[in-house]
Amino acid sequence: MIPIKKGKISQQTKKKAPIGSISGKKYGALSEAGAKFFADTTTDVILVGGSAGSTKSYSSLLKNLDGINDPHYRCTIFRRTNPELLRQGGLIDDSQALYSDFRGEYGSQAKTWTFPAGAKVSFAAIGCDADLGGWQGSQLVRVCIDECGDSWTQSQVLFLASRMRSGQCKIHPQMILTANPRRDSFLKSWVQYSLDPITGIPKKGTEDIIRHFVIQNNQPQWADSREECFELYGKPNGMIDGYGMNLKEIQTVDPKKLFISKTFRFIPLSVFQNPYLLPPINNSYLANLLAQSEVNQSIFLFGSWEAQE
């Protein structure tokens with residue numbers, strides 16, 4: 001068991017153990033890869049992607065439980081449209097059964113959960129670039145973009161990443177992205193390193209890799225380590241590595257010459273890691289996926305980023 005008490009998740013995790021419980025209430029199943037997602041509190045951007053039924057969206061709700069005892073914690077969970085947020089079985093619907101157990105109070109007009117310590121988790125829609133202006137000046141500890149593969153653009157995601165700052169919150173700012181594989185999504189270029197070149201399915205061990213990137217010419221430039229990132233993209237441009245500098249040291253560097261990379265992690269999840277949607281607990285969900293076309297099986301069952309009609 002992984003008990004959740006007073007909004008905290010214990011560090012004791014077991015493969016396919018319940019995600020959490022309060023007085024015997026269970027909140028799902030925790031796979032080995034899922035445990036790594038919940039334990040990661042330092043990677044700047046985490047993409048949780050994979051097949052249908054892998055609990056990636058619900059996991060983004062659970063991830064916020066590490067912040068609800070911090071009065072300065074602020075998270076916003078984004079979808080493309082408000083109907084997607086409000087529909088039956090959607091994120092807000094799922095949050096009702098979860099956050100109320102942690103004494104959260106929901107304000108429907110603001111679409112915001114407020115917890116006893118003062119932490120807040122809200123929901124919002126970004127339909128187009130024009131909607132981003134309303135978030136100028138926002139200070140968010142965590143940004144979650146659900147179904148990020150569905151028509152979100154790279155520039156929109158990077159803009160929302162710029163709204164993350166911790167202030168007085170003790171939690172490291174993170175961006176959490178969830179997505180099903182889509183060949184036409186910008187995210188495919190972000191995860192290309194992890195994909196089998198023929199099937200487009202993530203390779204085993206992908207969840208253990210943490211990459212580094214910087215934005216140059218409006219595009220992310222990737223490396224396998226912080227040092228390599230600086231050697232490839234900073235040093236040739238006469239930049240100064242700001243990693244580990246204190247405030248006084250940073251203030252002596254020309255801001256245009258300052259180089260600090262960000263970290264990225266891709267954690268593929270699968271329905272095969274979710275026993276609650278597999279026989280004998282559920283005898284229909286897997287059968288429904290197996291009844292799909294070959295292309296849809298490749299995408300929604302096996303997590304292929306190459307499959308297309």
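I count a polar contact when a pair of N or O atoms lies within 3.5 Å, with one able to donate a hydrogen and the other to accept it. The model I am reading is predicted.

**Entry: Ser155**

I looked up the side chain of Ser155 first. It makes a polar contact with the side chain of Thr153, at 3.2 Å. I then asked where Ser155 sits. Its place is in helix H5, which covers residues 154-161.

**Entry: aromatic pairs**

How many aromatic pairs are there? I get 13. I noted Phe37 and Phe38, a tilted pair with 5.2 Å centre to centre and 55° between the planes. Phe37 and Phe38 are both buried.

I went on to Trp222 and Phe264. This pair is edge-to-face, with 5.3 Å between centres and 65° between planes. It links distant parts of the chain: Trp222 is in strand E15 (residues 219-223) and Phe264 is in strand E18 (residues 262-269), 42 residues apart. Trp222 and Phe264 are both buried. Which cluster do they belong to? Ring pairs join Trp222 and Phe264 with Phe186, Trp190 and Phe213.

**Entry: charges over rings**

I returned to Phe37. The charged end of Lys63 sits over its ring, 4.8 Å from the centre. I found Arg211 over a ring as well: its charged end sits over Tyr193, 4.7 Å from the ring centre.

Note on methods: Residues numbered from 1 in each chain as written. Predicted model: local features only at pLDDT ≥ 70, side-chain atom pairs only at ≥ 80, totals over all residues. Heavy atoms only, no water. Helix = DSSP H or I, 4+ residues; strand = E, 2+ residues; numbered from the N terminus. Phe/Tyr/Trp six-rings, centres within 6.5 Å; stacked < 30°, edge-to-face > 60°. Buried < 20%, exposed > 50% of the residue type's maximum accessible area, 1.4 Å probe, protein only. Lys NZ or Arg CZ within 6 Å of the ring centre and 35° of its normal.
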